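Biologist: Hi, I'm new to this one. Could you walk me through it?
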Amino acid sequence: MNQYLSFTEEVKHAIENDLPIVALETTIISHGMPYPDNIQMAQKVEQIIRDQGAVPATIGIMDGKIKIGLNEEELEIFATRDDVQKVSRRDFPYVLSTGQIGATTVAATMIAAELAGIKVFATGGIGGVHREGEMTWDVSADLQELAQTSVAVVCAGAKSILDIGRTLEYLETHGVPVVGYQTETFPSFYSRESEFNVDFGLNKPEDVASLMDKKWALGLNGGLVVANPVPKESAIDYDQIENVIQQALKEAKENGIRGKEVTPFILDKVKTLTEGKSLETNLALVYHNAEVAGKIAKSYQVL
Ligand code: PSU
Ligand code: MN
C-alpha cells in the first residue's frame with residue numbers, strides 16, 4: 001500500500017477480509033452543502049452503505065495523509081472548518097506536502113480509491129464540460145480522471161449547470177462507458193431526465209458489476225459512470241431548474257467567478273434561488289446513489 005494512505009480500523013478490516021467497500025468524497029461535504037446538512041448527510045450516507053452490507057470509506061486529506069475512512073471527529077472537521085482546500089488531481093501534491101486539510105473531488109477521490117484498491121464510489125454528480133466551455137476551457141478534471149482511473153462512479157448524472165452534450169462527447173472520446181441504472185435517459189442531477197440518452201441501460205447491480213469486470217479484465221483501464229436518476233418524489237422539473245441555472249450562471253459571470261470556485265458558487269446560488277428545495281433533492285439523490293453503490297460493490301465482490 002502507498003505510504004501516504006492511512007486507514008480506519010473499519011476499512012482496514014474490510015480490505016483484509018475482502019469485504020465490499022464504497023468510497024465517498026469530501027468536497028461534497030466541505031464545498032457542496034451548508035452545515036449542518038453536510039454532516040448529517042455524511043453520516044447518513046455511511047449508514048446507508050453499511051445497511052447494504054458494504055463498508056463506507058469517506059476519503060479526505062489531513063495531517064499529510066490520504067485518509068481512507070474518516071472517524072466522526074474528522075468528518076466534523078470537514079463539515080465545519082472554513083480552511084478546507086478543494087482538492088482535485090492538480091492540488092493533491094501541494095495540499096499533502098503542506099499538511100493542509102483537503103476535501104477530495106470526484107477526480108481526487110477516484111485517485112485515492114484506486115490507490116486503496118476500492119472499485120466503487122458513490123457521489124452526487126460529476127463535474128463536466130461547463131456551458132461555454134468552448135470559450136472558457138472550463139472542463140472538470142473529473143472527466144480526465146474517468147478516462148484513466150479504474151473506479152465505477154455512481155452519480156445522479158451531471159448537473160445542467162454543465163453542457164451535458166459536450167460532457168458526454170468527452171466521455172465517449174475517452175472510452176468511458178456511461179451506464180444508466182434502470183434508465184435509458186441520462187439524468188441531470190435534479191431531474192430524472194435530460195435531452196440525452198445513456199450509452200447502455202442496465203437494470204441490476206449484478207449487470208453493472210459484470211460490465212466492470214469485463215472492462216478491466218480486458219485491460220481497458222479507466223472508470224465508468226453509473227448514472228442513477230434521483231427518486232421521482234424528490235425530482236425537480238427540468239424546465240423549472242433551467243431558469244434557476246440560467247440565473248446562477250449569470251451571477252457567476254457577473255462576479256467574475258473562475259477556476260475551481262465556479263462549481264461551489266453555482267451550487268450555492270441554485271440552493272438560494274430554489275429556497276432550499278435543491279438541497280433536499282441533492283440529499284435524496286446522494287442517499288439513493290449510496291444505496292445503489294452498496295449493491296454494486298457487493299455484486300462486484302462476489303465475482
Ligand atoms: N457537483 C455537485 N456537487 C458537488 C460537486 C459537483 O452536485 O459537490 C463537486 C464534486 O466534488 C466534483 C467537483 O468532483 O464539484 C467538480 O468541481 P470542478 O467542476 O471544479 O472540477
Ligand atoms: Mn472547472
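This is a predicted model: local features need pLDDT of at least 70, side-chain atom pairs count only at pLDDT 80 or more; totals for chains, interfaces and linings use all residues.

Biologist: What pLDDT does the protein average?
Modeller: The average is 97, and 100% of the residues score at least 70. The model also scores ipTM 0.98 and pTM 0.97.

Biologist: Where does UniProt place the "binding site"?
Modeller: The unreviewed UniProt entry puts that feature at Lys86, Val106, Ser140, Ala141 and Asp142. They span 57 residues in sequence, but no two of their C-alpha atoms are more than 13.0 Å apart, so they gather at one spot. UniProt positions follow the numbering used here, feature names are shortened, and annotations may be inferred rather than shown by experiment.

Biologist: Is Lys86 buried or exposed?
Modeller: Lys86 is buried, because 21 other C-beta atoms lie within 10 Å. The cut-offs: buried takes 20 or more other C-beta atoms within 10 Å of the residue's own, exposed takes 12 or fewer, partly exposed is in between, and C-beta atoms are placed from the backbone. Lys86 sits in strand 5, residues 85–87. Helices (H or I, at least four residues) and strands (E, at least two) are DSSP runs, numbered from the N terminus.

Biologist: And what is Lys86 in contact with, leaving aside its neighbours within four places in sequence?
Modeller: Thr27, His31, Ala103, Thr105 and Lys260. Contact here says that two C-beta atoms, placed from the backbone, lie within 7 Å.

Biologist: What about Val106, where is that found?
Modeller: Val106 is in helix 6, residues 106–116. Val106 counts as buried, with 27 C-beta neighbours inside 10 Å. Leaving aside neighbours within four places in sequence, its contacts include Glu25, Thr123, Asp142 and Glu145.

Biologist: How do helix 6 and helix 8 pack?
Modeller: They pack at an angle of about 30°, with their axes 8 Å apart. Axes are lines fitted to C-alpha atoms, for helices over the stretch in contact, and angles run from 0 to 180 degrees between N-to-C directions. Helix 6 and helix 8 are therefore roughly parallel; that label covers angles under 35 degrees, with over 145 roughly antiparallel, 65 to 115 roughly perpendicular and the rest oblique. Val106, Ala107, Met110 and Ile111 of helix 6 make the contact with Ala141, Asp142 and Glu145 of helix 8.

Biologist: Which residues of helix 8 are buried?
Modeller: Asp142, Leu143, Glu145 and Leu146. They cover an arc of only 160° around the axis, so they're on the same side of helix 8. The arc is that of the directions from the helix axis to the C-beta atoms. What covers them includes helix 6, strand 8 (152–155), helix 9 and strand 11.

Biologist: Switching to helix 9, which residues are buried there?
Modeller: In helix 9 (residues 164–173), Ile164, Thr167, Leu168, Tyr170 and Leu171 are buried. Their arc is only 155°, which puts them on the same side of helix 9. Exposed Glu172 and Thr173 are on the face turned away from the buried side.

Biologist: And what follows helix 9?
Modeller: Gly175, whose phi is positive, near 70°.

Key: Residues are numbered from 1 along each chain as its sequence is written. Chains are lettered from A and ligands numbered from 1 in the order in which they are written. pLDDT is the predictor's confidence in each residue, from 0 to 100.
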